[in-house]
Amino acid sequence: MTRWGILATGHIAARFAEDLRLVPEAELVAVGSRTAETAERFAERHGVPRAYASWAELAADAEVDVIYVATPHAAHHEAALTCLTAGRPVLVEKPITLDLATSTELVDTARAAGVFLMEAMWMRCNPLIRRVCQLIADGAIGTLTGVRADFGVAGPFPPEHRMRARALGGGALLDLGVYPISLAHLLLGRPQHVRSWAKLGPEGTDENTGLVFGYDTGAVATLSCGMVGATGLTASITGSTGRIDLPEPFFRPGGFTLHRADAAPETITEELVGSGYQYEAMEVQRCLAEGLTESPLVPHSATLEIMGLLDEIRAQIGVSYL
């Protein structure tokens, strides 16, 4: 049995707690928050036996095998560092921190201590996304030539909302853009050429952002994210002999369509229960059972390369969280 703790008590923490019920050999035993009231309220709602009024108290619980960090972006670094320095394995919500420097510190800390650390990029653990990757590896659509993906929401968000706050890592890029960027990275790796543009809001965070990645192989990724209009949340992966289309939402699809040259389109589906967070929890438990300190599905190298990309994009569009 893997005994889980959850650090934070917001919407994502609640969804993860619900999905954890679907994971074999998983038990939610503790929750930690900045106040006793919020921790106890979460514990009562989700049937958690122990509630702590601080992150440090949760991290010090020797009967917790792994902690899921579900705070807003800006608190990921401090929260994860608290857990790692206490020797607790950590699954930290994406993006792992606000920048490459603090992400590197977490990875270095985990490696030095021999403690498991994984960014919660749940898309990489999704069974259908993994099947898409296998089909591509098997040559189903030939040599990859392009990836297109979008993630836009309608908004509008009030001025006080975290999506607009610079100090909280607000804007579309870290919250939404990390998904199309991660898909392109998963399939094509780190691009050799990066071009980006954004419309910034009054707070200095990006409201609508377009990205073009170029690869020395000749492949191109065209990506977008925004919070000024709801996009289709779809993706398309093109190869020299075919194409794979991912429907809404592309990061948690209920199926996909494979187009091969000289063949009828084939739609592949799989019934996915829950919200989809259970698959990353299963991967964490598998890694812990095997004594791994990082996941091959969400390796530290990918996390750091993507954070480096996000830093480069922010420099191009003029967004700073200081």
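Predicted model: local features only at pLDDT ≥ 70, side-chain atom pairs only at ≥ 80, totals over all residues.
Let's take the sulfurs first. A disulfide is a covalent bond between the sulfur atoms of two cysteines. To be counted here, two cysteine sulfur atoms have to sit within 2.5 Å, and by that rule the tally is zero disulfides. Take C83: the closest cysteine sulfur belongs to C287, and that is 18 Å off, so the gap is too far for a bond. C83 is also tucked away, counting as buried because its relative accessibility is 0%. Then there's C133, which is in no disulfide either, with the nearest cysteine sulfur, that of C125, 11 Å away. With a relative accessible area of 23%, C133 comes out as partly exposed.

Now for the rings. A pair of aromatic rings is described by how far apart the centres are and by the angle between the planes. This structure holds nine aromatic pairs. One to look at is W122 with Y277: their ring centres are 4.5 Å apart and the planes meet at 10 degrees, so this pair counts as stacked. Where do W122 and Y277 lie? W122 is in the loop between β6 (117-120) and α6 (127-137), while Y277 is in the loop between β14 (266-269) and α8 (278-289), so the pair ties together parts that are 155 residues apart in sequence. As for solvent, W122 is buried, and Y277 is too.

Technical notes. Residues numbered from 1 in each chain as written. Heavy atoms only, no water. Buried < 20%, exposed > 50% of the residue type's maximum accessible area, 1.4 Å probe, protein only. Phe/Tyr/Trp six-rings, centres within 6.5 Å; stacked < 30°, edge-to-face > 60°. Helix = DSSP H or I, 4+ residues; strand = E, 2+ residues; numbered from the N terminus.
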